[in-house]
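Me: I'd like to learn how to read charge pairs and nonpolar cores in a model. Can we go through one together?
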Amino acid sequence: KLLKVGLPKLLRAARDYPFILVAPQCPVDSWWTRELHELSTFLKDFLKRYSVDKKRVYLTGLSMGGDGTWRLAALQPKLFAAIVPICGRDKSNSASKLKNIPTWAFHGAKDNIVPVKESKKVVRAIKELGGNAKLTIYSDANHNAWDRAYKTKELYHWLFAQHKS
């Protein structure tokens, strides 16, 4: 499943991106919001085992993974240099925990699964707290805003410019 969507799909076709990609799959019949402890434990173990620049750990996810992006970043706000949630929602209202993480969210205006107002709400809340957040809305896109987002060259320039001091 992972090789058919998002970054794994893109990287399978073009292997010239300068990063390590970890792409966990949420267990069947579960949600990332229920799996945050396991995901957090996995990530901490991964960062200990492998040579990773800990100042440049980025988090992204799409749809339910977009929800997980908001939640995991709020759970571990000091870990991530930047986040890129796509078509996700933040039901925990965690903008105060996210305000110090550079954020670029993406959403389709015609999304009938996760309404675009969900991304607008959290990005607005982060900005109101003085955070660095932006939102790209594709006016003609439905729920799949990720294909276009992950093909956006500016995203990678922006992402790689983000690092923790």
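Predicted model: local features only at pLDDT ≥ 70, side-chain atom pairs only at ≥ 80, totals over all residues.

Me: How many salt bridges does the count come to?

Reply: The count is 4. Another of them joins Arg 49 to Asp 45, with 3.2 Å between the closest N and O atoms.

Me: In which helix do Arg 49 and Asp 45 lie, and how many residues apart are they?

Reply: Both are in helix α2, 4 residues apart. That spacing is about one turn of the helix.

Me: Is Arg 49 buried or exposed?

Reply: Arg 49 is exposed, because its relative accessible area is 61% and the cut-off for exposed is over 50%.

Me: Which residue meets Lys 121 in a salt bridge?

Reply: Glu 118 does, at 3.5 Å from N to O.

Me: Is Glu 118 buried or exposed?

Reply: Glu 118 counts as buried, because its relative accessibility is 13% and buried means under 20%. Lys 121 is partly exposed, at 35%.

Me: Let's turn to the cores. What should I expect of nonpolar side chains?

Reply: In soluble globular proteins, nonpolar side chains tend to be buried together. Here the largest nonpolar core has 25 residues.

Me: Which residues touch the most other members of this core?

Reply: Trp 70, Phe 80, Ile 83 and Leu 98. The elements giving two or more residues to the core are α2 (36–49), α3 (64–75), α4 (95–98) and α5 (117–128). Of these, α2 gives the most, with 5 residues.

Me: Leaving aside neighbours within four places in sequence, what is Ile 83 in contact with?

Reply: The list includes Leu 59, Thr 69, Trp 70 and Ala 73. Leu 98, Ile 101, Pro 102, Thr 103, Trp 104 and Trp 158 are also on it.

Me: How many residues are in the second, separate core?

Reply: That core has 17 residues. Among them are Ile 86, Tyr 138, Ala 149 and Trp 158. Note Trp 158: this member of the second core is also in contact with Ile 83.

Notes: Residues numbered from 1 in each chain as written. Heavy atoms only, no water. Core = buried A, V, L, I, M, F, W, Y, C linked by side-chain atoms within 4.5 Å. Buried < 20%, exposed > 50% of the residue type's maximum accessible area, 1.4 Å probe, protein only. Contact = heavy atoms within 4.5 Å. Salt bridge = Lys/Arg side-chain N within 4 Å of Asp/Glu carboxyl O.
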